[in-house]
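Here are a few exercises to work through with the model open beside you. Try each task yourself before reading its solution.

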Amino acid sequence: MREILYREAIVEAMAEEMERDETVFVMGEDIAEFGGSYKTTVGLLEKFGKERVRNTPIAEQGIVGAALGAALMGMRPVAELMYIDFSAVAMDQIVNQVAKVRYMFGGKAKTALVIRTQGGAGRSSAAQHAQSLEAWFVHVPGLKVVMPSTPRDAKGLLKSAIRDDDPVFFIEHKLLYLQKGPVPEGDYTIPLGVAEVKREGRDVTIVATSSMVGRSLQAAAELEKEGVSCEVVDPRTLFPLDKETILASVRKTGRLLVTHEAVQRCGWGAEIAAIAAREAFDYLDAPIVRVCAKETPVPFAPKLEGHVIPNKDDVIAGVRTLLQTA
């Protein structure tokens, strides 16, 4: 199978959906001639023209509001917010309008729109350009939230998101854009709400999101040399959540570690811990461990940033803690 970059998979997904459905169009800051800050819309302008690849002013609330209006008129917009940090500017539109319109109109108003953005740290982008805010959006009824960790998942999940009749908040990671991986050619989709076991194991379940999936797989490979077998589960969609795949793994291994780049307090990992405690308590042989970012704004200095964001060694340390308390 061919291998392409994560960002190339994103472009392919949008191009194929724009070819398949003329109601699909993309909009955002610098996405046309420039091809996007992270080159995730390269070539779309040349292929589809200015009517369907639309530059916008630097006005996130306007971008999301315009996308919602277009969706209500029967279009399928893909709106790009350059950084997830900037979603704060558009929260009224996202939380009070986009997420609620379909419910408040009794299902008669279709809000088929995707808000694409990228988050995460690792490039010294500092505190206003490197946050992991996914928990904000998972908390809002009416939104679906996706966080792909591989090029294959990015393409298949984005195509499903564009075809979905509900609003989808689609979070990419800035460090994954240059990651290369196998991606099938042509049309395929990955359904929202279906997790994937990235690595099978028997001793510990690691539930990881986005960039932490790769770091967890590295940790699992090192721990395997010590005779510790880790199962790595990637939910891929934070909501709707495939909790059955996660619970089946926990029931098999008896130990659960949850890891994400966001800070621990009220993070998405707390929801997974609560689900496991409620529905698989009798199977747990040790207290659940969370490996998350330290509770501080993301530093600019690379050394400090590396200290705050969890890495492979932090996951290994978390697994050892689990094994020691068993």
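**Exercise 1.** Find which strands and helix cover the buried residues of helix H8 (residues 211–225).

*Solution.* Next, look for contacts, that is, heavy atoms within 4.5 Å. The cover includes strands E7, E9 (196–199), E10 (204–208), E11 (230–234) and E13, plus helix H12 (312–325). Helices (H or I, at least four residues) and strands (E, at least two) are DSSP runs, numbered from the N terminus. Finally, step past the end of H8 and you'll meet glycine 227, with a positive phi near 90°.

Before going on, note that this is a predicted model, where local features need pLDDT of at least 70 and side-chain atom pairs count only at pLDDT 80 or more, while totals for chains, interfaces and linings use all residues. Residues are numbered from 1 along each chain as its sequence is written, and side-chain values use heavy atoms, leaving out hydrogens and water.

**Exercise 2.** Work out how helix H1 (residues 6–20) packs on helix H7 (residues 151–163).

*Solution.* First, take the geometry: the angle is about 30°, and the axes lie 8 Å apart. That makes the two helices, H1 and H7, roughly parallel (angles under 35 degrees count as such). Then list who meets whom: residues of H1 including Tyr6, Ile10 and Met14 meet residues of H7, among them Pro151, Leu158 and Ile162. Sorted by class, this H1–H7 contact has 9 nonpolar, no polar and 7 charged residues (Ala, Val, Leu, Ile, Met, Phe, Trp, Tyr, Cys and Pro are nonpolar; Asp, Glu, Lys and Arg charged; the others, Gly among them, polar).

**Exercise 3.** Which residues touch the most other members of the largest nonpolar core?

*Solution.* Such a core is a set of buried Ala, Val, Leu, Ile, Met, Phe, Trp, Tyr and Cys residues joined through side-chain atoms within 4.5 Å. Of its 43 residues, Ile94, Phe137, Phe169 and Leu256 touch the most others. Now ask where the members come from: H3 gives the largest share, 6 residues. Last, zoom in on isoleucine 94: beyond its neighbours within four places in sequence, its contacts include Val64, Leu81, Phe137 and Phe169. There's also a second, separate core of 36 residues, with Ala9, Tyr38, Leu44 and Val114 among them.

Methods
Axes fitted to C-alpha atoms, helices over the stretch in contact; angles between N-to-C directions. Parallel < 35°, antiparallel > 145°, perpendicular 65-115°, else oblique. Buried < 20%, exposed > 50% of the residue type's maximum accessible area, 1.4 Å probe, protein only.
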